[in-house]
Amino acid sequence: MTPDRPSGEGFRDYREIVRRLSALPPRDWHVEQAGTVWGYPFFCVRRRLDRLAPTVFLTAGIHGEEPGSVAGALRWLESAESRKWPVNWLVLPCINPYGWERNHRRNAQRRDINRQFRDPSACPEAKLVRKLVVGQRFLFMVDFHEDVDASGYYLYELRAAPPYIGERIIRAVGRIIPVNRDKVIDGNQATGVALIRREGTARALRRRRRWPMAFHVFLNCTGHVLGSETPVQFPLEQRAAAHNTALRAALRALVPSQ
């Protein structure tokens, strides 16, 4: 059943996302409806270049009030550059369509999807994501987010040991949008300018009861997770460009053949 569509100022229309995904060139991207959540089609987008090529996992829109994340993912999919990198792609461009339409952080259950990945049994979005990544191995994951309270851009980097690339990404993004120079960011002590580097060990992550998506993917699918956070007070296209710049910098650091 299709949900009643919200209307009025501050609301969005998910059919616009459907239209843009449908317009992607099928020779380059395979757009798949992986399921349905609250009456909305849940999409994953794949590009399989070569079975031996590494795969990059890109996610966006897990929080509905972070439209710059979805804008960044769509902008990347629509760009010619995205098809030039010698990697396979798995992209989830809008994990929370219900919240995105209504500009709400949470889903129809009033749950924060990004806290449901340790036990996702009651959260259909988390269950779908876990199903899509099971058995996969990614070169790295990039999760696009936004922060309504941030003074500037910042980055989470989750990795067990060097080499790290967070500082390189911050330098690149700083040419696009101001970066966050606070000592404490999102309740965490900054590791460096605009950077929060988390201890990437199973023991450290399992101490947390309510897992974000990044923890599940890190422990099961990759050794490197990046969380890109844009400040919402800047124009949407600037925020989308900042996300794309972060992803580009990560690819340049981790895919040296390009």
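Analyst: We begin with the criterion: a salt bridge is counted when a side-chain nitrogen of Lys or Arg lies within 4 Å of a carboxyl oxygen of Asp or Glu. The model before us is predicted. Under this criterion it contains 16 salt bridges.

User: What is the general idea behind such a pair, and what is the distance between the closest N and O atoms of aspartate 28 and arginine 83?

Analyst: Side chains of opposite charge can pair when their charged atoms come close. In the present case, the closest N and O atoms of aspartate 28 and arginine 83 are 3.1 Å apart, and the two residues form a salt bridge. This pair joins distant parts of the chain, 55 residues apart: aspartate 28 is in the loop between helix 1 (14-22) and strand 1 (30-37), while arginine 83 is in the loop between helix 2 (67-78) and strand 4 (88-92).

User: Which residues are linked with Asp28 and Arg83 in a network of salt bridges?

Analyst: The network of salt bridges links Arg27, Asp28, Arg47 and Arg83.

User: How should I read accessibility for this pair: is aspartate 28 buried or exposed?

Analyst: The cut-off for buried is under 20% relative accessible area. Aspartate 28 has 15% relative accessibility and therefore counts as buried. Arginine 83, at 24%, counts as partly exposed.

User: Where do glutamate 65 and arginine 105 lie?

Analyst: These two residues form a salt bridge whose closest N and O atoms are 3.4 Å apart. Glutamate 65 lies in the loop between strand 3 (55-59) and helix 2, and arginine 105 in the loop between helix 3 (97-102) and helix 4 (124-133), so the pair ties together parts 40 residues apart in sequence. Glutamate 65 counts as buried at 18% relative accessibility, whereas arginine 105 counts as partly exposed at 28%.

User: How many residues apart are glutamate 81 and arginine 248?

Analyst: Glutamate 81 and arginine 248 form a salt bridge, with their closest N and O atoms 2.8 Å apart. They are 167 residues apart and link distant parts of the chain, with glutamate 81 in the loop between helix 2 and strand 4 and arginine 248 in helix 8 (residues 236-254). Glutamate 81 is partly exposed, its relative accessible area being 21%.

User: Which residues does asparagine 244 touch, not counting residues up to four places away in sequence?

Analyst: With those residues set aside, asparagine 244 touches Gly72, Arg75, Trp76 and Phe144. Asparagine 244 is placed in helix 8, and its relative accessible area of 4% makes it buried.

User: Let us turn to the backbone. Is the peptide bond from proline 162 to proline 163 cis or trans?

Analyst: Omega is the angle to read here: for the bond from proline 162 to proline 163 it is near 10°, and the bond is cis. Proline 163 lies in the loop between strand 6 (154-159) and helix 5 (166-173).

User: Is phi of tryptophan 38 positive or negative?

Analyst: Phi of tryptophan 38 is near 55°, a positive value in a residue other than glycine. Tryptophan 38 sits in the loop between strand 1 and strand 2 (40-47) and is partly exposed, with a relative accessible area of 33%.

User: Where is aspartate 186 found?

Analyst: Aspartate 186 is found in the loop between strand 7 (184-185) and strand 8 (188-189). Its phi is near 55°, a positive value in a residue other than glycine. At 48% relative accessibility, aspartate 186 counts as partly exposed.

How values were computed
Residues numbered from 1 in each chain as written. Predicted model: local features only at pLDDT ≥ 70, side-chain atom pairs only at ≥ 80, totals over all residues. Heavy atoms only, no water. Helix = DSSP H or I, 4+ residues; strand = E, 2+ residues; numbered from the N terminus. Buried < 20%, exposed > 50% of the residue type's maximum accessible area, 1.4 Å probe, protein only. Contact = heavy atoms within 4.5 Å.
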